[in-house]
Amino acid sequence: MATIAPGGTGAAPAPAGDGAAVVGERRRSTRVLDLAVRSPNLPGVAHVRLLLPPGWSPDADRTWPVLWLLHGVCGQGHTAWTDNTDLERRTEGLDVLIVLPDGGCANYSDWWNRGAGGPPKWETFHLAELRQILERGYRAGTARAIAGSGLGGTGALAYAARHRGLFRAAASFSGTLDLLHRDPAALDGPDLVELSVAVGRPAADWRALWGDPCEQRVVWRHHNPYDLADRLAGVRLYLSGGDGTPGPYDPLPGRGPDAVEALACRTGQAFAAKLARLGIPAATHFYRGTHGWPYWERELNAALPVLLAEII
């Protein structure tokens with residue numbers, strides 16, 4: 001990735017307050033701009049894809065509202081949404097800057113690291129460092145919405161709840177919204193706590209994230225959307241998930257139930273019920289289907305009007 005100034009203006013983009021900075025930039029197309037960012041809070045270079053709105057330039061005399069889209073498990077990254085959905089075509093012409101960040105394998109959180117703290121600190125990277133970089137050098141405004149699929153959906157709701165006022169709207173597609181839910185009758189093997197956090201990461205290190213779910217219960221609750229539900233008052237919400245049974249986008253015969261999606265759906269429904277008890281409205285769509293991109297593409301398309309209505 002070439003190290004250049006945004007848009008070829010000759011001026012390096014301003015770094016974040018702690019020194020996190022863009023070290024590479026590549027314009028893939030008229031709309032697609034990829035960034036490489038080096039952060040003191042991450043072990044390596046992180047990547048971010050921007051989908052630019054019409055008329056965007058780094059020296060424009062205006063800013064744009066921002067939609068953040070988070071990916072799911074390890075192995076995906078900043079290109080996941082554009083690789084697997086029609087996002088680029090669907091959002092063409094919209095007056096919004098779309099941010100697709102790499103999320104690492106960190107459940108969108110600063111790691112507890114057995115009480116020692118320190119890197120990786122993905123929450124700090126996203127919501128402090130990257131946000132500052134985008135606002136200082138890429139004309140990002142302060143009207144923001146956030147959404148994600150799978151673990152990205154969990155992260156989207158946790159980010160919106162943990163940082164009150166930062167996002168006006170949030171959506172989760174198949175996100176696990178109660179990380180402390182236990183349903184041993186519905187899952188033969190690891191309970192949902194281990195399943196939802198350990199998916200995509202080596203089993204030996206998952207407790208480094210927030211510690212043991214019993215011994216470090218306070219740390220877990222501090223990151224658990226279900227426990228933070230009351231902090232979402234005033235945020236426009238969209239929640240969805242499949243029941244785990246093969247649906248219209250599962251054409252292969254003989255596919256069995258999807259335990260990950262079924263459990264994410266149950267926690268999503270429990271989360272929606274808690275919101276209702278708190279008097280917090282949310283649009284919901286729980287359906288027949290499994291854990292996969294065709295469903296998340298459909299759900300994003302349905303959620304876009306909800307998200308954009310709050311920021312454009």
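Arginine 62 is partly exposed in this predicted model, because its relative accessibility is 32%, between the 20% and 50% limits for that class. Its side chain meets that of aspartate 95 in a salt bridge, with N to O at 3.1 Å. The pair links distant parts of the chain, 33 residues apart. Arginine 62 sits in the loop between β3 (45–51) and β4 (64–70). Aspartate 95 sits in the loop between α2 (87–90) and β5 (97–101). Aspartate 95 is also partly exposed, with a relative accessible area of 29%. In general, side chains of opposite charge can pair when their charged atoms come close.

The count of salt bridges comes to twelve. One of them joins arginine 207 to aspartate 212, with the closest N and O atoms 3.4 Å apart. The two partners fall into separate accessibility classes. Arginine 207 is partly exposed, at 33% relative accessibility. Aspartate 212 is at 18%, so it counts as buried, the limit being under 20%.

A further salt bridge brings together the side chains of arginine 221 and aspartate 227, at 3.3 Å from N to O. Arginine 221 has a relative accessible area of 46% and is therefore partly exposed. Aspartate 227 is partly exposed as well, at 22%. Elsewhere, salt bridges that share partners join Arg28, Asp34 and Arg49 into one network.

Strands β1 (residues 21–27) and β2 (residues 32–38) run antiparallel. Six bridges join them. The two strands form a hairpin, with four residues between them. Within this pairing, glycine 24 has alanine 36 of β2 as its bridge partner. In a regular strand, side chains alternate between the two faces of the sheet.

The largest nonpolar core has 57 residues. Leu35, Leu50, Val99, Leu134, Tyr138 and Ile146 touch the most other members of this core. Helix α3 (residues 122–137) gives the most to the core, with six residues. A second, separate core holds 28 residues, including Leu51, Ala80, Tyr238 and Ala303. In soluble globular proteins, nonpolar side chains tend to be buried together.

Cysteines were examined next. A search of the whole structure finds zero disulfides. Cysteine 265 is buried, because its relative accessible area is 5%, whereas cysteine 214 counts as exposed at 54% relative accessibility.

Helix α8 spans residues 259–277 and contains alanine 259. Alanine 259 is partly exposed, with 33% relative accessibility. Its C-alpha atom is separated from that of threonine 290 by 8.8 Å. Along the chain, alanine 259 and threonine 290 are 31 residues apart.

Key: Residues numbered from 1 in each chain as written. Predicted model: local features only at pLDDT ≥ 70, side-chain atom pairs only at ≥ 80, totals over all residues. Heavy atoms only, no water. Pairing = 2+ DSSP bridges. Buried < 20%, exposed > 50% of the residue type's maximum accessible area, 1.4 Å probe, protein only. Disulfide = S-S within 2.5 Å. Salt bridge = Lys/Arg side-chain N within 4 Å of Asp/Glu carboxyl O. Core = buried A, V, L, I, M, F, W, Y, C linked by side-chain atoms within 4.5 Å.
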